[in-house]
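The sequence and structure are shown first, and the description follows.

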Amino acid sequence: MPIDCVLGETCVIEDYPDVDPTDAVSDYRCGLKSRDGHSGTDFALLSFDQMDKGVRVIAAADGRVQAIRNTRPDQPYVAGTDLNGEECGNAVRIDHGNGYQSVYCHMKLGSVRVTPGQRVVRGQLLGEVGLSGLTNYPHLHLTITQGAEVVDPFAPDQDNACSTPLQTLWLETPKYTDAGLFTVGVSDAVPELSTVISGAARRTSLSPQDAMVLYAHAFHGITYDQIDLTMFGPDGVVFEHTARLDVDQAQAMRAYGRRAPVTGWPKGKYRGYARMIRGDVIIAVRHVDVTVE
């Protein structure tokens, strides 16, 4: 593991490398947990508070540091911003001496603790998870390459598509689940699934008198999966709600909210989180920001 967290407890794998060479998207199990052209594995934290407290990024294997970057600010990416080729944000690249290289992206500003040319051993501290580069949520993006080719560490040979790989690059391969969250959003009423899918339901701002509804769109849920919805505001927790799936569902939308108080919502920034949980294992997390103006 390139990050000091426990999968399913303090972090989740949000996206895998995209193994489909077309405009379509597929992870190594022919699932939906990737994005078109995505080159690495994303280990997402459960909250921004975790990032603020500090989560260690560690070397996945022995090697020598080839390059670092430690100057990008921690801030959500704004569409249209020119990152000048630094989409990876603050980063470390390691040559492992066996044809493989690893790259660790989106690290916290000022946290990188290694220098070019330095030898590192597996488990050594490299820095901390941040919010730098092309990202809007704190996570570590790990890319493995062999020469100029991107390698999926879960299925480096891709000779048994859709099945559990016969070989991986992991010492202990993280468990895969095909379930997850497409999106999380805020609206001023409980939305229809069609408007969630189209994006028409999403509000980026509300008036103090609007209702505030947090919704989550999940995929491949099974009976008894739960979706926890929590909204935070300037004064702390606004509401919390747990929804459960009664049957297996290829797609499911769950929402919860509240009417505005008599005096109106306090103006300011609000942040909602959705977590998809199976048993006692967290399998997905998404967030959304909205401003009351």
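## Sheets, cores and selected residues

An open sheet with mixed pairing is made of five strands in the order 12-18-17-14-15. Its edges are strand 12 (205-206) and strand 15 (236-244); each has a single partner strand, so one side of each is left without a neighbour in the sheet. The model described here is a predicted one. Strand 12 runs parallel to strand 18, and two bridges join them. Within this pairing, Ser205 stands opposite Thr291 of strand 18.

A further open sheet contains three strands, in the order 11-13-16, and its pairing is antiparallel. Strand 11 and strand 16 (249-258) are the edge strands, each pairing on one side only. On average, and with direction ignored, neighbouring strands of this sheet are turned by 15 degrees against each other. Nine bridges connect strand 13 (residues 212-221) with strand 16 in the antiparallel sense. Met212 has Arg258 in strand 16 as its bridge partner.

Strand 1 and strand 2 provide another antiparallel pairing. Four bridges join strand 1 to strand 2 (residues 41-45). Strand 1 (residues 11-15) is mostly covered, as five of its five residues are buried. Asp15 has Asp42 as its bridge partner in strand 2.

Is Asp42 itself buried or exposed? The relative accessible area of Asp42 is 1%, and because buried means under 20%, this residue counts as buried. Leaving out residues up to four places away in sequence, Asp42 touches Val12, Ile13, Glu14, Asp15, Arg35, His139, Leu140 and His141.

Two other aspartates lie in loops. Asp246 belongs to the loop between strand 15 and strand 16, and Asp280 to the loop between strand 17 and strand 18. Asp246 is exposed, with a relative accessible area of 66%; Asp280 is also exposed, at 67%. The C-alpha atoms of Asp246 and Asp225 are 8.3 Å apart in space, and these residues are 21 apart in sequence. For Asp280 and Leu109, which are 171 residues apart along the chain, the C-alpha separation is 33 Å.

The relative accessible areas of the residues discussed in this report are collected below.

| Residue | Relative accessible area | Class |
|---|---|---|
| Asp42 | 1% | buried |
| Tyr28 | 4% | buried |
| Tyr176 | 15% | buried |
| Asp246 | 66% | exposed |
| Asp280 | 67% | exposed |

The two tyrosines in the table belong to the aromatic part of the description. In the whole structure, a search finds 11 aromatic pairs. Tyr28 and Tyr176 form an edge-to-face pair, because their ring centres are 5.4 Å apart and their planes stand at 70 degrees, where over 60 degrees counts as edge-to-face. This pair links distant parts of the chain: Tyr28 lies in the loop between strand 1 and strand 2, and Tyr176 in the loop between strand 10 (149-151) and strand 11 (180-187), 148 residues apart. Both take part in a cluster in which ring pairs link Tyr16, Tyr28, Phe43, Phe154, Trp170 and Tyr176. Another aromatic ring, that of Phe48, has Arg271 over its face, at 3.6 Å from the ring centre.

In soluble globular proteins, nonpolar side chains tend to be buried together. Here the largest nonpolar core has 40 residues, of which Ile3, Val92, Ile94, Tyr104 and Leu126 touch the most other members. Two or more residues of this core come from each of strand 1, strand 2, helix 1 (48-53), strand 5 (90-95), strand 6 (100-107), strand 9 (139-146), strand 17 (268-278) and strand 18 (281-292). Apart from this core lies another, of 23 residues, among them Ala218, Leu229, Val238 and Val292.

Which residues are in contact with Ile94, leaving aside its neighbours within four places in sequence? They are Ala59, Gly63, Arg64, Val65, Gln66, Tyr100, Gln101, Ser102, Tyr104, Val120 and Leu126. Of these contacts, Tyr104 and Leu126 are also named among the core residues that touch the most other members.

Methods. Residues numbered from 1 in each chain as written. Predicted model: local features only at pLDDT ≥ 70, side-chain atom pairs only at ≥ 80, totals over all residues. Heavy atoms only, no water. Buried < 20%, exposed > 50% of the residue type's maximum accessible area, 1.4 Å probe, protein only. Pairing = 2+ DSSP bridges. Phe/Tyr/Trp six-rings, centres within 6.5 Å; stacked < 30°, edge-to-face > 60°. Lys NZ or Arg CZ within 6 Å of the ring centre and 35° of its normal. Axes fitted to C-alpha atoms, helices over the stretch in contact; angles between N-to-C directions. Core = buried A, V, L, I, M, F, W, Y, C linked by side-chain atoms within 4.5 Å. Contact = heavy atoms within 4.5 Å.
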